[in-house]
Amino acid sequence: MPFEKKTPPKVGKPKTSAAGAAAVASSMNHVMRTAGPVRGTKALLELNQKDGFDCPSCAWPDPDDHRAVTEFCENGAKAIASEATTKQIDRSFFRKHSVADLLEKSDYWHDQQGRLVEPMVLREGATHYEPIDWNDAFELIGSQLKSLDNPDEAIFYTSGRASNEAAFLYQLFIRHYGTNNLPDCSNMCHESSGTAMKQAVGIGKGTVTLDDIHEADTVICIGQNPGTNHPRMLSSLETCVENGGKIIAVNPLKEAGLMGFAHPQKISGMMGKSTQLATQYLQVKVNGDLALLRALGKEIFERDALDHDFIANHTNGIDAYRNVCAAADYDDLCKRSGISRKDVSELADSVLSGDKKLITCWAMGLTQHKNAVATIREVANIHLLIGAIGRPGAGLCPVRGHSNVQGDRTVGIYEKMPEPFLAAQDKEFAMTCPREHGYDTVEAILAMHQGDAKVFFALGGNFLQATPDTHFTGQALQNCDLTCQVSTKLNRSHLITGKTALILPCLGRSERDTQIEGDQFVTCENSMGIVHLSKGKLEPSSPELLSEPDIVARLAEATVGNTEKINWRWLIGNYDRIRNLIEKIVPGFAPYNKQVRQPGGFYLPNDTKRRVWNTPSNKAEFGAADMDQFEVADGHLVLQTLRSHDQYNTTIYGLNDRYRGIGMGRRIIFLNPEDMATRDISPVSLVDITSYWNDGERHVEKFYAIPYDIPAGTAAAYFPEANPLIPVNSTALESNTPTSKSIEISIQSSS
Ligand SMILES: Nc1nc2c(c(=O)[nH]1)N[C@H]1C(S)=C(S)[C@@H](COP(=O)(O)OP(=O)(O)OC[C@H]3O[C@@H](n4cnc5c(=O)[nH]c(N)nc54)[C@H](O)[C@@H]3O)O[C@H]1N2
Ligand SMILES: Nc1nc2c(c(=O)[nH]1)N[C@H]1C(S)=C(S)[C@@H](COP(=O)(O)OP(=O)(O)OC[C@H]3O[C@@H](n4cnc5c(=O)[nH]c(N)nc54)[C@H](O)[C@@H]3O)O[C@H]1N2
Ligand SMILES: [Mo]
């Protein structure tokens with residue numbers, strides 16, 4: 001992969017609070033530079049308004065009642081700037097640049113080139129993409145799909161920006177075609193949360209609302225960096241603090257956004273005055289969370305601070321959990337987590353304070369480890385012990401990533417969709433959905449690599465760069481006969497392809513979507529289960545662009561054709577028709593078209609809020625996992641991969657990581673200064689990194705070593721630069737999520 005810059009990054013002091021005037025300045029700079037004053041200002045004014053479009057950046061909810069005119073954050077503004085850019089990539093661009101030439105450019109450069117505006121094809125053996133007519137493109141894909149021996153030789157990936165409407169039609173088409181091969185970005189993201197929560201409380205979704213966060217006594221933010229990845233969450237945390245609540249951070253890195261927040265919509269915040277957020281900051285070792293939580297559980301048992309009524313009436317399995325806590329040795333747990341007994345005791349004081357209104361928020365710092373499911377069950381255990389679920393101010397809050405990743409699952413993007421959904425679909429559409437489970441993301445890579453899958457289709461995303469083991473995944477994609485990407489922006493998945501490749505450019509969230517019956521809106525579900533509408537207002541980048549639902553409908557028409565019950569193009573004329581179908585299949589939506597037009601949308605039902613548990617026992621279940629932690633050989637380090645402040649997953653907006661004090665560089669590795677000293681590695685020198693797995697070693701070269709406040713024995717590097725180090729077979733138990741935050745490495749100075 002090409003280097004961003006051959007010069008070393010600028011290294012400054014990490015910040016101790018987030019947002020403030022610098023965030024506003026950075027937002028405006030990005031938007032005005034790429035989208036210009038007119039398109040840019042219009043985009044920002046429409047963002048997250050009740051009749052505007054949903055921010056494509058993260059899944060944090062908007063306030064139910066009052067919305068400031070500027071209800072967006074710096075990173076939402078960057079996402080919009082990237083989408084609303086006036087620069088364009090058309091046929092002349094592809095005539096000028098061969099695929100080989102584009103492969104030499106960086107991901108940052110790719111994003112700078114502008115929007116994809118016409119369908120393009122890379123024919124077998126060709127060096128350049130060339131234009132293709134939309135009809136010919138669908139004909140090409142349709143005939144290829146129809147020629148496969150078995151529908152299971154095709155894979156249909158989804159990234160979490162797809163709307164409910166696009167996603168529902170997509171899965172309907174794919175199941176008509178005959179496969180459940182529906183891997184999605186969730187497989188790499190919150191799959192562990194969904195798996196653990198379904199086991200523990202019977203639903204794989206968060207159980208709290210924004211109001212709950214505001215009134216909590218204690219909010220634990222564990223394995224999550226909201227200052228960068230969910231900046232609007234900081235105002236909710238600030239409100240909690242103002243109401244007398246306490247924030248506790250659990251993170252190997254001292255993240256600015258967890259320490260303090262200068263509200264950019266308040267004068268005090270703009271003047272640089274910040275609210276202190278975390279009052280206790282636990283710098284846990286990477287993957288030391290299970291040990292820390294187990295120590296907390298042990299402490300709660302020892303203080304006999306249990307909610308006995310709740311446990312008796314609502315839960316199962318307390319004895320087994322009590323036994324594993326009793327058997328655990330404090331010193332061992334403290335050694336594993338890196339957190340002292342005194343700190344655990346202070347944590348317990350907070351958790352047990354007030355009315356024990358505890359909320360735990362988490363993200364990738366918990367989900368991307370081998371023992372992720374066990375760790376999240378342990379989070380649930382703490383809540384069950386004190387009855388902190390299903391009452392105001394208390395509950396579990398997995399903070400979702402992509403803005404509609406939760407909605408996509410709700411409407412059927414899942415390789416293991418449950419029987420009631422499939423049965424409802426069979427009945428409604430007189431079809432027979434396949435029942436055999438499909439491939440998840442990792443299984444899809446393996447299947448393509450083995451030659452068991454021949455067509456890869458992606459509704460959004462950047463499969464090559466988002467998945468582990470970049471070189472292996474590249475070979476897997478190159479094994480395919482055909483790879484197709486529905487995309488807004490150029491990315492590396494357009495460049496490492498099957499024998500034939502297609503780019504199908506689509507409208508972005510911010511753009512007006514006009515169909516036969518007029519302008520349409522789409523709908524999304526945020527992290528708190530609120531379904532709301534999103535209506536694009538900007539002039540489309542090109543009249544050639546099709547909406548995602550339209551692309552799916554045309555593909556379905558070219559592949560399975562209209563059925564007795566489904567006329568694909570008719571459905572596209574007015575998206576109300578698609579929503580009318582969704583409400584027939586998925587409980588909780590009806591009357592979808594009416595409810596979603598209410599300002600702010602509507603909540604999907606969530607039984608945990610009424611303390612109804614949809615588990616096989618109809619009780620909430622304690623887990624009692626064995627103590628297990630990722631361990632590495634002597635002299636090796638545990639590497640976690642994370643996001644900088646200037647990226648959205650694989651989309652690189654800029655080369656700075658302001659809060660961590662990094663300027664102009666991404667090929668860097670954060671290391672503990674003592675770990676550097678014992679290896680004779682000087683600050684900001686170049687190192688090569690080797691990762692270890694049972695199938696051999698993987699290497700990347702020339703990363704700058706940055707001394708940083710991070711627990712000894714652990715390291716951090718940016719995703720996707722470090723992805724070639726992640727073994728495809730290293731995944732979480734049960735959820736099969738790649739262990740992007742537990743990688744065994746060694747480092748040596750570059751020769
Ligand atoms: N601006 C912006 N917003 C985004 C995204 C983006 O790329 N850019 N991505 C979106 C997506 S899809 C997602 S899933 C979310 C991701 O949101 P996050 O999960 O916040 O993203 P990461 O950067 O992966 O950060 C993980 C955090 O976990 C910590 N961590 C790592 N390992 C451990 C561990 O073992 N224990 C604990 N306790 N902490 C650990 C890291 O130090 C880091 O602070 O953000 C969404 N929002
Ligand atoms: N090492 C490591 N790897 C990780 C992670 C990690 O923490 N560490 N995180 C994982 C996580 S949490 C996730 S969610 C995945 C993300 O995986 P993906 O969702 O596959 O990746 P993105 O980078 O979000 O996708 C970016 C591309 O989406 C396209 N796009 C943008 N907007 C739209 C749109 O509106 N419609 C369409 N059709 N396309 C659009 C653009 O072409 C852009 O290039 O990565 C995972 N990979
Ligand atoms: Mo994600």
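Which residues in helix 22 meet helix 28, and which residues in helix 28 do they meet? In this predicted model, the helix 22 side consists of F421, A424, Q425, E428 and F429. Their partners in helix 28 are L581, K584 and I585. Sorted by class, this contact holds 5 nonpolar, 1 polar and 2 charged residues. Helix 22 spans residues 419–429, and helix 28 spans residues 576–585. The two pack at an angle of about 125°. Their axes lie 9 Å apart.

Helix 6 covers residues 134–147, and helix 26 covers residues 548–559. They pack at an angle of about 50°, and 8 Å separates their axes. That angle makes helix 6 oblique to helix 26. The crossing of the two helices is right-handed. Helix 6 contributes W134, F138, I141, G142, L145 and K146 to the contact. Helix 26 meets them with I551, R554, L555, A558 and T559. By class, the contact of helix 6 with helix 26 comprises 7 nonpolar, 2 polar and 2 charged residues.

The model also holds ligands. Ligand 1 is surrounded by 32 residues. The closest of them are N251, E255, N287, D289 and N649.

Ligand 2 has 31 residues around it. Y157, S159, A466, E548 and T650 come nearest. The side chain of S159 places an N or O atom 2.7 Å from an oxygen atom of ligand 2. The backbone of A466 has an N or O atom 2.6 Å from a nitrogen atom of ligand 2. A backbone N or O atom of V486 lies 3.0 Å from a nitrogen atom of this ligand. E548, listed among the nearest residues, belongs to the span of helix 26.

A cis peptide bond links A590 to P591, with omega of about -10°. P591 sits in the loop between helix 28 and helix 29, the latter formed by residues 592–595. Another cis peptide bond joins F719 and P720. Here omega is about 5°. P720 lies in the loop that runs from strand 32 (714–718) to strand 33 (743–749). V684 shows a positive phi, near 55°, although it is not a glycine. This residue is found in the loop between helix 30 (673–678) and strand 30 (686–693).

Key. Residues are numbered from 1 along each chain as its sequence is written. Chains are lettered from A and ligands numbered from 1 in the order in which they are written. This is a predicted model: local features need pLDDT of at least 70, side-chain atom pairs count only at pLDDT 80 or more; totals for chains, interfaces and linings use all residues. Side-chain values use heavy atoms; hydrogens and water are left out. Axes are lines fitted to C-alpha atoms, for helices over the stretch in contact, and angles run from 0 to 180 degrees between N-to-C directions. Helices (H or I, at least four residues) and strands (E, at least two) are DSSP runs, numbered from the N terminus. Angles under 35 degrees count as roughly parallel, over 145 as roughly antiparallel, 65 to 115 as roughly perpendicular and the rest as oblique. A crossing is left-handed if the near helix is turned anticlockwise from the far one by less than a right angle, and right-handed if clockwise. Contact means heavy atoms within 4.5 Å. Ala, Val, Leu, Ile, Met, Phe, Trp, Tyr, Cys and Pro count as nonpolar, Asp, Glu, Lys and Arg as charged, and the others, Gly among them, as polar. A residue is near a molecule or strand if one of its heavy atoms lies within 4 Å of it. A polar contact is a pair of N or O atoms within 3.5 Å; within protein, one must be able to donate a hydrogen and the other to accept it, and residues adjacent in sequence count only if both atoms are side-chain atoms.
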